[in-house]
Amino acid sequence: MQIQSIQVLKGPNIWSVRRKKLIQMRLDLGEMEYRPSNTIPGFKERLQQLIPSLKKHRCSEGHEGGFFERVHDGTWMGHIVEHIALEIQTLAGMFAGFGRTRSTSTTGVYNVVFTYVAEQAGMYAAQAAVRIAEALVIGEEYDLKADIRKLEKLRDADRFGPSTGAIIDEAIKRKIPFTRLDTASLVQLGQGKNQVRFRATMTDKTSSIAVDIAGNKEETKRLLKEHAIPVADGSTVSTLDGLKQAIKEIGFPLVFKPLNGNHGRGATINVNSEEDAITAFELARKISPKVIVERFITGYDFRVLVINYKVVAAAMRKPAHVIGNGRDTIQHLIEEENKNPKRGNGHENVLTNILIDQDTHDMLRKANLTLDYVPSEGETINLKSTANLSTGGTAVDMTDEIHPLTVFTCQRIAKVIGLDICGIDIMAGDITLPLQETKGVVLEVNAAPGFRMHLAPTEGKPRNVAAPFIDMLYPRGKSPRIPIIAITGTNGKTTTTRLIAYIIKNCGYKVGYTTSDGIYIQDMMHKQGDMTGPTSAAFILQDPTVEFAILETARGGILRSGIGFDFCDIAVITNIQEDHLGISDIHTLKDLQRVKSVLVETVRKNGWAVLNADNPYCVNIGMDTTHCQVAYFSMYADNPVITAHCLNGGSAAIIENGNIVLMKGGLKITLSSLQNVPITYNGSVAFMVQNAMAASLATYLWGFQVAEIRTSIESFYPSTEQTPGRMNLFDFSDFKILVDYAHNPDGLMGIKHFIMSMKASRRTGIISGTGDRRDDDIRQMGRISAGIFDHIIICQQKYLRGRTKEEIANLLLEGIREVAPNKPVEITGSSDDAWENILNNKEPGELITIISDSINHAYQRVKSYHESLTQ
C-alpha cells in the first residue's frame, strides 16, 4: 500500500462540520484492492491478537465486536487501517471515535478519514496504521508498544496542562472559540475585538504590578502585615552572617524559601539546627540570591483559590508520602505509587510523580530512615518538606469547610495585592475556624495558581474552578464572538466580499476581510496574495482591532484544511459553475455543491444562507438547508424559486424594472436603480448585478438600514482601488483597456456581453490558462475567446501548476482553432513582451482586454501607465 497524501483538517469540512479535527489520508491499496480481509489466511486472528481492544469497535454492525465481524466477512484494507488508526490513538490516551473510508474515482485509491486529538500524533497514527496492516497481511511480528510510546510522547508534547485544559474545556462547553497562540499555554479565547488571552491561569487583565508584588515574597509579606493580616515572623538574608543574625532573632524551628521562588523549589521546612540551616540556606540560594527565613508554623498547609476577588475553592495539601504495608521498602512503595494513573510527569496529570531527590534524602535522614526501610502497616512516611503538588503532594478539598471570616480575609488579600486570580497559602491548625483563633498565618500569595488540586482532589469533591475563570472573562451579556459573513462560489466571490466590507465599513464598523488579492483591515492590505483559506481567516479573527469579519472562503482551503471558523452569521454562495473540476476528487458540479455547502452548514441557527436562485446547485443547497434561515437572489422577478419562497414569507433580492428590489414576503423595497450602481455598468454586466444583489441582501438581513446600503452600493466603483483586477476599464485618448480576472469559462462568458456591447475598431484579448484545470476547460477558454476577440495574444507566464507554458498555450490554441481556424493568434514568452505588444501595436478605437491576470499585476501596470499619461 502507498500513502499518497496526508491532510490535517482543522475546521468544518466535507466529512463533518461538527468533528473539526480530522486526518484525511489518501491511500492507494495497490494489490490489496483485490484482497479483502477474508481472503488473507489468519489475518483476523493476527489482528485480534495484536490489538484485542478493537473488539469494542461497533462499526456499521452497531454492536460490540461488529468490526471483527466485518473483518471476518471481508472488508477492504482502507477500512481496517481507519480502525487501527483510531484504536492506537485511544490506546495512547487520546480517544478518537469517528472515522470514514470512501473510495475515490481512481480504482484502489481511498480517502481514509479519522479524528485526532494531537495533530502530530494523528499523522503518525495514519502512517503507523498502514505499517501495522501490512505487517499483519504478511504475518510479520510488529512492535505495537513502540508505536504507542511514540504516540504518547507526541500527545504529551502537544497537550495542555490540567489548568489550561480545564479552562479550554469550559470554553468549548460554552461554544467560545479558542486559538492556541504558541506551543505552550498562551491561548486566545473569542474573536477580534472581543478576544481575551490567558497563559496558564493568568489573563491579559491580570495586573503586572500585582504579579511583581506576589513574586517578591518580602514585599508581599510587608503589604499584608501593614493590612493586619497575620504572617509568619521572619526576615530576608543574603549572607551567612545575615543568616546567623536571623537565627538569633527568630529562633528555631525555621522555614527557608527563595525570595522569588515558586512551586516549592528550594524550600526547606522545620529546620532545627545551625548546620541544617546553612544547608537549607545554600539550597534556596540556588534559586534566588535572597532567601526568606521565617519561623516554622505548625499546622496544616491550605491553599485557597480566589478568582475575580471571590473565594471559589480551598484545599488542604499533604506532602508527598507513602503509607507502609509492613512488607515493602520505601523505595518500592514510591515506585508503586508512581504507577497510579492519576500521576504523571510535571503537570501532565492531576498528580505528579514522586521523584527521589535531595529533599527526599534529607527528610529521611532527619527521621533516621533510608529508602530500604520497611514501614509498618499504616505508617506514613513523608518524603518532601513542602506540600506542593508539583513535588508529588496530594490535596483534600476543604471548600465547604473554610470559615466565613477566613473567606473574607482571603478576598481582602487578593484586593491588597491586586490579583484577580491568586492562590493563597495558609498554615493553620483548623481551616474551619478564623485564622486568629488558631494562630494561623498567610505564607504566600501566588500569581497564576494551579487549578489541578481543585479540579481533581485526592479526596473530597472536585470543583469546576474553570467556570468562574470564564465567568470573569466573559460576564453575562459579553459576547466572545464578532459577526462573520463568509462568501464562497465559483465566480464573484472577491467583488462580493469587497462590496460587503465597504457597506459595513460605511456603517461604522472596523472591518477585516480576506480575498484572493490579500488580507485587509480597514482597507489596508496586510498580506498580499490569495488569502482565502483558514490561515487567512485566523489572521482576521485574531486581530484585536477587528469588529466585523468578511471572509472569502475558497474551495481549495475547505478541501485542504477545512473552514477557518466554527460558526458564521451569514454565508453567501454566489454561484456554482464548472471550475476546478478534476481536482481533489471533485469531478462533478454535484461534488462541488457538496464542498460549497459546508460553508452554509456553519451558519448559526438564527443566521442566514444567501443563495443564487438562478443557479440550480445553489437552489439544491437551499432546499436541503433546515438548520438556518435561507434567502435568495435572482436576476428575474418571476423566478419560481423566489416566488414560492416569498409566498412563505421568505426574504429575497430581485431585479425588477431595472431596479434592485429587496423582498420580505409580500413586502417590496426598491433599493436602487442599476443605472446608479457603478459596478454593474448600467446593468450590462450580469455577474456584477448578481454580486451587488448578494451583498445588498446579506447586509440587509444583518440589519443595516436600506439608506446606508443604498449609499454604499451607489458609491462603490469598479476601480483598481475598490475592485482591483475586476472589471477595471481604463479609457485612454484613442483606445481602451479592460482588466478582469475571468479565470474560467463561466467568468469569461460573464464579461462577453459587456465587451461585445462596446464600440471598438478591434477587440484584442490577452488570455492565459490555469494548469490544474482539465484539458477541455483550458480549450474552452480558447473557444470562448475566439467568439469574442478579433485578435488574440496568448501569454502564459504563471499558474502552470504542474504543466509547461507550451502545453497550456497549445490547449488554448486548440480551442481557438476549433471555433476560428484563421483567427490571428500570437503566443508571447512573457508578460513584458505582451505589454510591449499592446503598446506598440494598438489601433485607434481598439478595446484591449487582459484576462485572468495574464500580464503580471495587469491592473497595477495599466493604472500606472494611465496615471503617467494624465500627469
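Helices (H or I, at least four residues) and strands (E, at least two) are DSSP runs, numbered from the N terminus. The model is predicted: local features need pLDDT of at least 70, side-chain atom pairs count only at pLDDT 80 or more, and totals for chains, interfaces and linings use all residues. Residues are numbered from 1 along each chain as its sequence is written, and side-chain values use heavy atoms, with hydrogens and water left out.

**Figure 1. Overview of the protein chain, with 29 helices and 38 strands.** The C-alpha trace spans about 105 × 75 × 55 Å along its principal axes. Of the 871 residues, 55% are buried. Buried means under 20% relative accessible area, exposed over 50%, and partly exposed in between (1.4 Å probe, protein chains only). Among contacts with a separation of 6 or more, 67% are between residues 24 or more positions apart; contact means heavy atoms within 4.5 Å.

**Figure 2. Cis peptide bond between Phe252 and Pro253.** Omega of this bond is near -5°. Pro253 is placed in the loop between helix 9 and strand 10 (254-258). Most residues other than glycine have a negative phi, and most peptide bonds are trans.

**Figure 3. Crossing of helix 9 (residues 240-250) and helix 10 (residues 274-285).** Two packed helices are described by the angle between their axes and the distance between the axes. Here the axes come within 11 Å and cross at roughly 130°. Axes are lines fitted to C-alpha atoms, for helices over the stretch in contact, and angles run from 0 to 180 degrees between N-to-C directions. Helix 9 and helix 10 are therefore oblique to each other; angles under 35 degrees count as roughly parallel, over 145 as roughly antiparallel, 65 to 115 as roughly perpendicular and the rest as oblique. The crossing of helix 9 past helix 10 is right-handed. A crossing is left-handed if the near helix is turned anticlockwise from the far one by less than a right angle, and right-handed if clockwise. On the helix 9 side, Leu240, Leu243, Lys244 and Ile247 meet Glu274, Ala277, Ile278, Phe281 and Glu282 of helix 10. This contact of helix 9 with helix 10 has six nonpolar, no polar and three charged residues. Ala, Val, Leu, Ile, Met, Phe, Trp, Tyr, Cys and Pro count as nonpolar, Asp, Glu, Lys and Arg as charged, and the others, Gly among them, as polar.

**Figure 4. Crossing of helix 26 (residues 775-788) and helix 27 (residues 805-819).** The two axes come within 7 Å and cross at roughly 50°. Helix 26 and helix 27 are therefore oblique to each other, and helix 26 passes helix 27 in a right-handed crossing. Asp775, Ile778, Arg779, Met781, Gly782, Arg783 and Ala786 of helix 26 meet residues of helix 27 including Ile808, Leu811, Leu812 and Glu814. By class, the contact of helix 26 with helix 27 divides into eight nonpolar, two polar and five charged residues.

**Figure 5. Buried side of helix 18 (residues 534-541).** Pro534, Ser536, Ala537, Ile540 and Leu541 are buried. They cover an arc of only 160° around the axis, which puts them on the same side of helix 18; the arc is that of the directions from the helix axis to the C-beta atoms. The elements that the buried residues of helix 18 pack against include strand 6 (186-189), strand 22 (484-488), strand 26 (548-552) and helix 19 (555-561).

**Figure 6. Helix 11 (residues 330-337) and its buried residues.** Ile330, Leu333 and Ile334 are buried. Their arc around the axis is only 100°, which puts them on the same side of helix 11. An α-helix has 3.6 residues a turn, so residues three or four places apart point the same way. The buried residues of helix 11 pack against strand 15 (321-323), helix 12 (358-366) and strand 18 (380-382).

**Figure 7. Ser376 in the loop between helix 12 and strand 18.** Ser376 is partly exposed, with a relative accessible area of 39%. Its C-alpha atom is separated by 4.1 Å from that of Gly326, 50 residues apart along the chain. Not counting residues up to four places away in sequence, Ser376 touches Gly324, Asn325 and Gly326.

**Figure 8. Positive phi at Asp523 and Asn682.** Phi of Asp523 is near 70°. Asp523 lies in the loop between strand 24 and strand 25 (524-528) and is partly exposed, at 42% relative accessible area. Phi of Asn682 is near 60°. Asn682 lies in the loop between strand 32 (667-673) and helix 23 (686-702) and counts as exposed, at 58% relative accessibility.
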